[in-house]
Amino acid sequence: MGTPLGDFVRAKRDSIQPESFGLPDRGRRRSPGLTRAEVATRSGISVEYLTRLEQGRDRNPSHAVLHALADGLSLDAGERHHLRYLAKITGGGCPGHRPPAPPNREVRPTVRETLRLLEPGLAFVTNRLGDVLAHTGGFELVMGGIGLLDTAEPNLTRYVFTDPPARSVFPDWDQVADERAFDLWLGPSAESSEWFRVQLAPVAGPEFTRRLQRHLPPPQVPLRLDHPAVGELRWHRERLELPSTDAQELVVLLPADEATAQAVEGLRQRRHGTLRAVG
């Protein structure tokens with residue numbers, strides 16, 4: 001069984017491109033990122049020990065080992081602090097700490113019915129973390145083409161910061177990234193936001209952690225999306241906050257110009273969408 005510390009180290013290792021550390025290209029790798037042997041060598045520890053740490057079989061690494069791992073993974077100051085924090089939790093050093101938990105993913109039946117009434121438009125239910133909890137077939141028609149819905153529990157924030165195609169899908173990527181980070185800072189709760197940051201920070205990198213510190217609402221502008229099949233789409237976004245302890249909201253995407261409306265109609269003629277709830 002893994003631990004918060006082991007999960008962090010493994011996720012960070014998987015997120016690092018070998019060429020960014022000047023490592024030679026050895027062809028196709030079994031998994032993304034660095035191998036355990038590469039991290040162990042850079043950190044000056046054994047592969048066996050790193051394996052035990054990642055798998056949760058060693059829960060009390062020394063300060064020297066943590067420092068060596070931070071150097072081997074080239075962690076920034078915020079990530080080093082987070083590494084030490086996770087080491088305390090893993091080793092039982094924070095007995096009064098309540099483990100952060102993910103938010104409830106349940107969408108009320110009346111909200112699902114509202115989505116059905118919005119067909120064939122583009123609408124989805126989300127929360128401040130960026131979880132896509134339910135959506136219309138129209139939303140799937142467009143967003144399925146960019147890879148957002150490829151995972152079992154799609155999340156817009158994770159997609160923006162960790163999926164390489166997102167930078168070309170969103171021509172205004174910096175703007176979208178600022179929006180996602182600000183929404184995460186707002187909620188839905190301290191516990192669930194902490195849970196999500198623990199999951200995302202190791203793989204999202206400094207672009208994510210830097211934005212979390214801004215705490216400034218980005219301007220509301222049309223969303224531009226470069227769709228691989230139909231080119232640029234522009235959307236106005238209408239948001240309706242839903243009564244929920246998990247800060248869910250209904251978001252409707254409206255074409256911002258006639259070209260977008262026509263492009264979506266062209267996609268719709270290829271196939272008809274239906275409601276799909278996630279999770």
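Predicted model: local features only at pLDDT ≥ 70, side-chain atom pairs only at ≥ 80, totals over all residues.

Colleague: What makes V39, R42 and S43 in α2 meet residues of α4?

Modeller: The cut-off is heavy atoms within 4.5 Å, and V39, R42 and S43 meet A68, L69, D71 and G72 of α4, so they count as in contact. By class, that contact has three nonpolar, two polar and two charged residues.

Colleague: How do you describe the packing of α2 and α4?

Modeller: Two packed helices are described by the angle between their axes and the distance between the axes. For α2 (residues 36-43) and α4 (residues 63-72), that's about 115° and 8 Å. The crossing is right-handed.

Colleague: Which residues make the contact of α1 with α3?

Modeller: The axes of α1 (residues 4-15) and α3 (residues 47-55) come within 6 Å and cross at roughly 115°. On the α1 side you have L5, G6, V9, R10 and R13, facing L50, L53 and E54 of α3. They divide into four nonpolar, one polar and three charged.

Colleague: Why is a set of residues called a nonpolar core?

Modeller: Because its members are buried nonpolar residues joined through side-chain atoms within 4.5 Å. The largest one has 38 residues, with M143, Y159, V160, F170 and W235 touching the most other members. Helix α10 (residues 173-186) gives this core its largest share, five residues. Another core, of 20 residues, lies apart from it, and includes L34, L53, V65 and A87.

Key
Residues numbered from 1 in each chain as written. Heavy atoms only, no water. Axes fitted to C-alpha atoms, helices over the stretch in contact; angles between N-to-C directions. Helix = DSSP H or I, 4+ residues; strand = E, 2+ residues; numbered from the N terminus. Left-handed = near helix turned anticlockwise from the far one by under 90°. Nonpolar A, V, L, I, M, F, W, Y, C, P; charged D, E, K, R; others polar. Buried < 20%, exposed > 50% of the residue type's maximum accessible area, 1.4 Å probe, protein only.
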